[in-house]
Amino acid sequence: MTTLLGRPHTALLVIDVQNGVMAGTPRRDAVIANINTLVDKARAKGVPVIWVQHSDEHLERGSDSWEYVAELARRDSEPLVHKSWADSFEDTELEALLAERKVGRLVVTGAQTDVCIRSTLHGALVRGYDATLVADAHTTEDNTEYGAPAPEQVIAHTNLYWKWHSAPGREGGIVETADVAF
C-alpha cells in the first residue's frame, strides 16, 4: 500500500545491533536470535537485508562497541548503511539503496527502540514507505535514571502505538517474528 509508485518490494532493516548498543539490553539474546531468523527468512526469499550501523562519540568507528554483535553475520553482498543520526534515512544512502531495489515496504528490527527504531519508523512513513515493526525483534537500554520508563515498558508502548500507526496510503503495524511474511 506504499505511496511510492513502482516500488512493490520489501526489505529487512537491521538497525544498530552493535556491541555497545546491545550491552545490557533486555531480551538481548532472544532479540538477536529473532533477527537471525528474519535474516535467514529474507535471504531464502531473495528479500534485501540492509544493515544500519551508528557512530558517534560513544560508538567510535572501528571500536569494539561500534562493531555488530558477533552472533549476526552480514554478507558482503548486503548493504551496510553508516549513520550518525537517529533516523536511518537522515544524511545516508538508505533511500537510494531502497529505490534501486524498488522497495516500498520495510520490516524493521534492531535497537534502540526509543531512539533509532522509532525515528526510522517515522522517517519511513513520512517518506512514503509502509513500515512494519517486528514486535519481538527490537530492544533498548535502561534509561530510567534519566526519567524514561523501564526498557520493557518502552518496548511494549512502542509496539502498542506502532500497531495502529498509519498515514494516507501508508501502513505501519507490528508482527511477531514467527508471522513475518516476505
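Biologist: Before we begin with the largest pocket, how many nonpolar, polar and charged residues does its lining have?

Modeller: Please keep in mind that this is a predicted model. By class, six nonpolar, five polar and three charged residues make up the lining of the largest pocket.

Biologist: How is such a pocket found, and what is its volume?

Modeller: The general idea is that a probe the size of a water molecule, rolled over the atoms, shows where empty space is left. In this structure, the largest pocket has a volume of about 300 Å³. It is lined by 14 residues, and those closest to its centre are Val21, Asp56, Leu59, Gln112 and Glu141. Two or more lining residues come from each of helix 1 (19-22) and helix 4 (113-126).

Biologist: Helix 4 also packs with helix 5. How should I read that pair, and what is the angle?

Modeller: In general, the angle between the axes and the distance between them describe two packed helices. Here, helix 4 and helix 5 (residues 151-163) pack at an angle of about 10 degrees, and their axes are 11 Å apart. Because angles under 35 degrees count as roughly parallel, helix 4 is roughly parallel to helix 5. The crossing of helix 4 with helix 5 is right-handed.

Biologist: Which residues meet between the two helices?

Modeller: Helix 4 contributes Thr113, Asp114, Arg118, Leu121, His122 and Leu125, while helix 5 contributes Val154, Ile155, His157, Thr158, Tyr161 and Trp162. By class, this contact has six nonpolar, four polar and two charged residues.

Biologist: Where is Ser166 found, and which residues are in contact with Ser166, leaving aside neighbours within four places in sequence?

Modeller: Ser166 belongs to strand 6 (residues 166-167). With neighbours within four places in sequence left aside, Ser166 is in contact with Leu125, Glu171 and Gly172. As for Glu100, 66 residues from Ser166 along the chain, the C-alpha atoms of the two are separated by 25 Å.

Technical notes: Residues numbered from 1 in each chain as written. Predicted model: local features only at pLDDT ≥ 70, side-chain atom pairs only at ≥ 80, totals over all residues. Heavy atoms only, no water. 1 Å grid on protein atoms, 1.4 Å probe; cavity = no way out; pocket = protein on both sides within 12 Å on 5 of 7 lines; lining within 4 Å. Points joined across faces, edges and corners; volume = space filled by probe spheres on them. Helix = DSSP H or I, 4+ residues; strand = E, 2+ residues; numbered from the N terminus. Nonpolar A, V, L, I, M, F, W, Y, C, P; charged D, E, K, R; others polar. Axes fitted to C-alpha atoms, helices over the stretch in contact; angles between N-to-C directions. Parallel < 35°, antiparallel > 145°, perpendicular 65-115°, else oblique. Left-handed = near helix turned anticlockwise from the far one by under 90°. Contact = heavy atoms within 4.5 Å.
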